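Have a look at the sequence and the model below.

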Amino acid sequence: MENILTISNLNKRYDSVEALVDVNLNVKSGAILGLLGPNGAGKTTLLRIINGILSKDSGEVKILGEDTNLETARKIGYMPEERGLYDNMTVANQIIFFGQLKGGNPARLREVMREYLNLFNISGFENRKVKELSKGNQQKVQIIATLVHEPDLVILDEPFSGFDPINGALLQQLIERLHQKGTTVILSSHNMHAVEEMCDSIALINQGRLLLSGQISDIKEENKTNEILITTELPLDKDTLESSGLIQFIKDDVCRNSRKGYAYRLMKENGISNAKLIAGIAEQSDILHFEEALPSLNDIFIKYTTQKQ
């Protein structure tokens, strides 16, 4: 699958501040990428350069193999964190206006607009002024204005801001719908749960540097520890296990998936295979569930953004 976005050795400096330092990133067509990083990491600068809003100091940014220009900008739908709606325009005029700026056909724009208004449950709001809407509904209008010209690449910066759980679920459904159509989505968010649930890959930036990128499943495997989650039919003699040389420690845990039995969280000793550990535990009880614990995205975020670079 080809890359829709290719970033090579990208640099940007504001006076003495290095906003981006030799950033290299490839995003495949149809992917959902989570762009992560603490405040001030360089995410917004990166997104603005991709959209041609900011100039780069050096490096390359290509959309479908082309250097960024007016035509490639029309292939992008970008919703910045700082919203930009016109208070006195009606919802319909606002959405069509932004769609035509991106080269959309007015008839097709109205058709797509109606689809999204229905999806977001605001189909009766076309003739209302933006200033008359709640913050959450203004957010919906902003998202629709971003998508109405049917871009190949959608970039959403903190799209869950101002949304309650119900509207957050609607947004997740919308992103899944875009994914099924083959649209590429870059989701910049501090909502780790949403990123982990929706994205197939991530890129983590801190202090202008790309710390890691790739498939979430691969990154989790690379960052896992020797931690194990188990459920047994009978209670375990923890002292015996801790003195067996198989584990470093074991503690009680919460049963998962409504299982009956006794749940534990333990840390294997280095060099101990899962088979050897299972055999040792099986001497005390049948094992109902055995799972290598993988770190959450939140764990990975904290690990990489707090370690010294």
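In what order do the strands of the open sheet of 6 strands run? The order is S6-S7-S8-S3-S9-S10, with mixed pairing. Before going on, keep in mind that this is a predicted model, in which local features need pLDDT of at least 70, side-chain atom pairs count only at pLDDT 80 or more, and totals for chains, interfaces and linings use all residues. Residues are numbered from 1 along each chain as its sequence is written, and side-chain values use heavy atoms, with hydrogens and water left out.

A word on the labels: strands (E, at least two residues) and helices (H or I, at least four) are DSSP runs, numbered from the N terminus. Two strands pair if DSSP finds at least two bridges between them.

S6 and strand S7 (residues 153–157) run parallel, joined by 4 bridges. Tyr78 has Ile155 in S7 as its bridge partner, and Met79 stands opposite Leu156. On to the next pair: S7 and S8 also run parallel, with 5 bridges between them, and here Val154 is opposite Val185.

How many residues of S7 are buried? The count is 5 of its 5, where buried means under 20% relative accessible area, exposed over 50% and partly exposed in between, with a 1.4 Å probe and protein chains only. In a regular strand the side chains alternate between the two faces of the sheet. In S7, Leu153, Ile155 and Asp157 point one way, while Val154 and Leu156 point the other way.

Now for a helix on this sheet. S7, H6 and S8 make a right-handed β-α-β unit; right-handed means that, with the strands pointing away from the viewer, the path from the first strand over the helix to the second runs clockwise.

Ile95, Ile143, Leu174, Ile175 and Leu187 touch the most other members of the largest nonpolar core, which has 49 residues. Such a core is a set of buried Ala, Val, Leu, Ile, Met, Phe, Trp, Tyr and Cys residues joined through side-chain atoms within 4.5 Å. Beyond its neighbours within four places in sequence, Leu187 has contacts (heavy atoms within 4.5 Å) that include Leu33, Leu156, Phe160, Ile175 and Met198. Apart from this core lies another, of 25 residues, including Leu47, Val61, Ile186 and Ala203.

There is also an open sheet of 4 strands, in the order S2-S1-S4-S5, with antiparallel pairing. Strand S2 (17–28) and strand S5 (66–67) each have a single partner strand, so one side of each is left without a neighbour in the sheet. Strand S1 (residues 3–14) pairs with S2 over 8 bridges in the antiparallel sense, and Lys12 stands opposite Leu20 in S2.

Finally, turn to helix H11 (residues 297–306), whose buried residues are Leu297, Ile300, Phe301, Tyr304 and Thr305. They cover an arc of only 110° around the axis (taken from the directions from the helix axis to the C-beta atoms), which puts them on the same side of H11. Their cover includes S3, S10 and helix H8 (216–222).
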